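Have the viewer open and follow along.

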Amino acid sequence: MTFVKTLRQQMITILQSSPMDKRDLSQALRISEKEVNDHLPHVAKTATAQGMTWQVTPAYCDGCRFTFKDRKRIAAPSKCPKCKASRIQGPWFQVIPPPAVDRPKILI
């Protein structure tokens, strides 16, 4: 029997390898960015529930380097509040697996 991963399980696996923005993730999975946007909150919740760390590197303005560090929404902002440019990069998402637990060896 072959086990096929769900789309969200595939997203978690991909995000464990390296940080990705929505565009990179949509290309890797061959789905639209809008679909990625819909799935990301669920992926974050699932990863956290499984003991993994959900990490978001904030978006920034490519014009003035303003960082959107306090932004909670997953969607990227449309323009910079500081310089009004629309050259926004990111945000990037990553899932960090839990640290390996060393189990004590039982000596018989």
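Predicted model: local features only at pLDDT ≥ 70, side-chain atom pairs only at ≥ 80, totals over all residues.

## Salt bridges

A word on exposure before we start: a residue is buried under 20% relative accessible area, exposed over 50%, and partly exposed in between.

Asp-62 has a partner in Arg-65: their side chains meet in a salt bridge, 3.3 Å from N to O. Arg-65 itself is exposed, with a relative accessible area of 52%.

How many salt bridges does the structure hold? Two. Glu-33 comes out as partly exposed, at 34% relative accessibility.

## A buried Asp without a salt bridge

Now go to the loop between helix H1 (7-17) and helix H2 (22-29), where you'll find Asp-21. Asp-21 is buried, yet it has no salt bridge. Which side chain of opposite charge is nearest to Asp-21? That would be Arg-23, at 5.3 Å. A salt bridge needs the nitrogen and the carboxyl oxygen within 4 Å, so at 5.3 Å Arg-23 doesn't qualify as a partner for Asp-21.

What does the side chain of Asp-21 reach, then? It gets to the backbone nitrogen of Asp-24, at 2.9 Å. Leaving aside neighbours within four places in sequence, Asp-21 is also in contact with Pro-91 and Trp-92.

## The cis bond at Pro-91

Pro-91 deserves a stop of its own. The peptide bond joining Gly-90 and Pro-91 is cis, with omega at about 0 degrees. Pro-91 sits in the loop between strand E3 (88-89) and strand E4 (92-96).

Most peptide bonds are trans, and most residues other than glycine have a negative phi. That second point leads to the next stop.

## Two positive phi values

Arg-30 is not a glycine, but its phi is positive, near 60 degrees. Look for Arg-30 in the loop between H2 and helix H3 (33-49). Is Arg-30 buried or exposed? Exposed, with a relative accessible area of 79%.

Lys-84 also isn't a glycine, and its phi is positive at about 70 degrees. Lys-84 has its place in the loop between strand E2 (60-61) and E3. With 53% relative accessibility, Lys-84 counts as exposed.

Note on methods. Residues numbered from 1 in each chain as written. Heavy atoms only, no water. Helix = DSSP H or I, 4+ residues; strand = E, 2+ residues; numbered from the N terminus. Buried < 20%, exposed > 50% of the residue type's maximum accessible area, 1.4 Å probe, protein only. Lys, Arg positive; Asp, Glu negative; His and termini not counted. Polar contact = N/O pair within 3.5 Å; in protein donor to acceptor, adjacent residues only side chain to side chain. Contact = heavy atoms within 4.5 Å.
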